[in-house]
Amino acid sequence: MDEQRAAAVPLTRAQRVLAGVGGLFFAGLAGLGGYGSFASVRDVAEPWFGGQAWIVPAGVDLGILALVSVALLLEWLAMPMPALRWMAFAFTAATVWLNVSAAHGDPTGMVMHAAMPVLFITFIEAVRHAIRRRAGIAAGTVREGVPLARWLLAPFSTFRLWRRMVLWQITSYPHALTAEQRRRHALALLDDHYGRRWRSRAPADVVWMLTDGVMLDQALARVTELTAPKPEPVEEPPPATTPAPRKPAQKAPPQKAPPQKAPPQKAPSEPPQEAPSRKAPRGVATDNEARALAILDAEPGITGAELARRLDISSRQGQRLLSRLNRPAPTHSS
């Protein structure tokens with residue numbers, strides 16, 4: 001409505017000048033037509049009116065002017081009254097008939113008598129059309145027509161578009177095209193989201209708004225909300241669990257060493273030979289000691305910390321185990 005009213009801009013100076021010139025020509029045409037038909041109509045009316053026969057042409061011409069003026073004013077005020085127009089046409093037709101009758105059947109005279117009234121009515125209709133169109137544009141009641149090319153290229157969809165323009169008082173053709181594009185966009189979204197049976201799956205109010213082409217702003221907002229992808233739930237990471245402290249390996253209870261035979265006595269002159277440093281504890285070794293002995297056999301120079309790391313025990317325990325295993329075995333004296 002506001003767009004239509006904004007389109008009714010005031011006339012420019014050139015347009016006002018042209019309208020004034022056209023008004024002068026119309027006044028001249030009306031004057032000449034009235035003067036030309038006055039005598040003819042008076043002569044025709046004289047047998048019935050006598051000396052008052054001039055009243056007939058004067059009254060008819062003034063009546064036509066009065067009816068035309070009031071009809072144009074009502075059109076300007078957007079309050080048309082068709083009866084005034086048809087009455088003006090009837091009086092004009094009567095004037096034409098009286099003028100033609102004065103020609104007494106001569107075709108040339110009939111055409112000349114009818115030319116002025118026909119020009120007068122044509123000019124009045126042109127002015128009335130301009131006033132009605134402008135008043136309708138200002139009031140937002142004039143509906144723009146649909147181009148013929150669209151009717152030829154898409155007759156069925158154009159008929160539905162024109163029907164909605166008529167039903168819902170859409171006066172602007174570009175506005176109707178924009179509404180149709182938005183409606184089809186919403187239909188495409190519903191078809192993609194619900195499938196071919198979207199009419200039975202979508203909400204009833206949305207289907208009604210899109211089918212009849214009304215409240216399209218609200219309908220498109222609802223469709224966008226319905227077809228928007230739902231956000232996926234964010235999975236929270238599981239709480240970090242601290243590993244339980246590893247318990248140190250329990251040492252097996254020491255086993256009693258079997259009684260060893262006394263080494264043979266040697267001559268006093270011969271000093272006693274020391275046994276190898278790691279031979280004695282092998283029989284009394286636990287699981288960790290057995291693994292430690294194997295590591296010491298392969299790497300004699302290993303440190304206590306490295307031994308503890310390989311045996312998965314504390315550094316202190318590894319140092320003690322290394323010291324115990326490296327301790328020389330005691331010798332038995334005779």
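Tutor: Start with the rule. On a 1 Å grid over the protein atoms alone, a pocket is an open set of points with protein on both sides within 12 Å along at least five of seven lines, and a cavity is a set where a 1.4 Å probe fits but cannot get out; lining residues have an atom within 4 Å of a point. Grid points join across faces, edges and corners, and a volume is the space filled by probe spheres set on them.

This is a predicted model: local features need pLDDT of at least 70, side-chain atom pairs count only at pLDDT 80 or more, and totals for chains, interfaces and linings use all residues. Numbering runs from 1 along each chain as its sequence is written, and side-chain values use heavy atoms, without hydrogens or water.

Take the second largest pocket. Its volume is about 590 Å³. Its lining has 16 residues, and Leu11, Ala19, Val127, Ala130 and Ile131 lie nearest the centre. Helices here are DSSP runs of H or I, at least four residues, numbered from the N terminus. α2 (13-49) and α5 (107-139) each supply at least two lining residues. α5 gives the most, with 8 residues. By class, the pocket lining has 12 nonpolar, 3 polar and 1 charged. Nonpolar covers Ala, Val, Leu, Ile, Met, Phe, Trp, Tyr, Cys and Pro; charged covers Asp, Glu, Lys and Arg; the others, Gly among them, are polar.

The largest cavity has a volume of about 60 Å³. Its lining includes Leu67, Val68 and Ala71, along with Leu84, Arg85 and Ala88. α3, α4 and α5 are the elements giving two or more residues to that lining. It divides into 8 nonpolar, no polar and 3 charged.

Look at how α3 and α4 pack. Contact means heavy atoms within 4.5 Å. Among the α3 residues that meet α4 are Leu67, Val68 and Ala71, and the α4 side includes Leu84, Arg85 and Ala88. The residues of this contact divide into 11 nonpolar, 2 polar and 3 charged.

The second largest cavity holds about 50 Å³. Leu161, Arg164, Ile170 and Gly213 are among its lining residues. α7 (155-167) and α8 (173-194) each supply at least two. α8 has the largest share, 4 residues. This lining has 5 nonpolar, 1 polar and 3 charged residues.
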